[in-house]
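Grab a pencil and have a look at the structure below. Try each exercise yourself before you read its solution.

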Amino acid sequence: MANESCGPTPAPSEEAKPGTRMVHCVKFDKDLPGLDRIPWRGEIGNASSRAFSKDAWKLWLEHSKMVMNEYRLNPSILTRRKSWKNRWKQFFFGEGAKLPEGYVAPKAKG
């Protein structure tokens, strides 16, 4: 999960099983196990499978849920896809993920 600044937290250092496809993860800047499959069709899916570790992808999924909820985005609406693609690029290749202005993290249950 992301830290307060929404930067990457260190990936767990598990030994990869023999035959695991390794990638040099752009988010963590080290060699880690890659995704098992291409997550989307097209440019984003191909780039994801080549450059992101499983750990970075989990981090993106958590971040993207927060962004969708905060901005009430629906990636299936064509007019919003460009915004979604830009957020994806910024998260992995830009300065990093920034929290939406005014975002308050949910309190832990229990």
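Predicted model: local features only at pLDDT ≥ 70, side-chain atom pairs only at ≥ 80, totals over all residues.

Residues are numbered from 1 along each chain as its sequence is written, and side-chain values use heavy atoms, leaving out hydrogens and water.

**Exercise 1.** Work out in which order the elements of the protein chain run.

Step one: count the elements, and you get 3 helices and 2 strands. Helices (H or I, at least four residues) and strands (E, at least two) are DSSP runs, numbered from the N terminus. Step two: start at the N terminus and read off β-β-α-α-α.

**Exercise 2.** Describe how strand 1 and strand 2 pair.

Step one: strand 1 covers residues 22–25, and strand 2 covers residues 30–33. Step two: they pair in the antiparallel sense over 4 bridges; pairing takes at least two bridges found by DSSP. Step three: pick out H24, whose bridge partner in strand 2 is D31. Step four: check the turn of this hairpin, which has 4 residues between the strands and includes D29, with a positive phi of about 55°.

**Exercise 3.** Find where confidence is lowest and highest among the elements.

Step one: pLDDT is the predictor's confidence in each residue, from 0 to 100. Step two: helix 3 (residues 78–93) is lowest, at a mean of 74, and strand 2 is highest, at 93. Step three: look at residues 1–5 too, where the pLDDT is below 50.

Note on methods. Buried < 20%, exposed > 50% of the residue type's maximum accessible area, 1.4 Å probe, protein only. Contact = heavy atoms within 4.5 Å.
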